[in-house]
Amino acid sequence: MIHHVLLACPRGSEETSRAFYSGLLGLVEKPKPPALAARGGCWFTGYGVELHLGVEEDFRPARKAHPALLRPDLDRLAVRLDAAGHPVTWGDDEIPGMRRFHTYDPHGNRLEFLAPVG
């Protein structure tokens, strides 16, 4: 079982991360332990996942590597993301029994969202 997934973000991007991951995706921010909070970044939880955003000094977004997150509200989420300026690209039937799409967070990190068919 995975405890969390970490994505990199640029220094000073916490408010942008909060607006996207909490405001748009509906995840809840989780307080970081004080020893780690000094490093910057932020942590989120919800929909059965814990997602950490950590500051990387020489930040480059993950354009291929990505977390794949299960969401029961896949269609509503796709509409919400697209309306907020985060276009979605729907996948084909490459993963049997799953509907899915990809998008990018405000830092350029690739994200995949999936839901079982039926």
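Q: Is Arg60 buried or exposed?

A: Buried means under 20% relative accessible area, exposed over 50%, and partly exposed in between (1.4 Å probe, protein chains only). Arg60 has 60% relative accessibility, so Arg60 counts as exposed. Asp58 counts as exposed because its relative accessibility is 54%. Keep in mind that this is a predicted model, where local features need pLDDT of at least 70, side-chain atom pairs count only at pLDDT 80 or more, and totals for chains, interfaces and linings use all residues. Residues are numbered from 1 along each chain as its sequence is written, and side-chain values use heavy atoms, with hydrogens and water left out.

Q: Which residue forms a salt bridge with Arg60?

A: A salt bridge is a side-chain nitrogen of Lys or Arg within 4 Å of a carboxyl oxygen of Asp or Glu. For Arg60 the partner is Asp58, with the closest N and O atoms 3.3 Å apart.

Q: How many salt bridges does this rule give?

A: The count comes to 10. Among the residues involved, Glu15, Arg18 and Glu29 are linked in a network.

Q: Where do Arg11 and Glu57 lie?

A: Helices (H or I, at least four residues) and strands (E, at least two) are DSSP runs, numbered from the N terminus. Arg11 and Glu57 form a salt bridge, their closest N and O atoms being 2.4 Å apart. This pair links distant parts of the chain, 46 residues apart: Arg11 is in the loop between strand 1 (5-9) and helix 1 (14-24), and Glu57 in the loop between strand 4 (49-55) and strand 5 (68-70). Both Arg11 and Glu57 are exposed.

Q: Are Arg100 and Glu112 buried or exposed?

A: Both Arg100 and Glu112 are buried. Their side chains meet in a salt bridge at 2.9 Å, N to O. Arg100 belongs to strand 7 (residues 98-104) and Glu112 to strand 8 (residues 110-116), so the pair ties together parts 12 residues apart in sequence.
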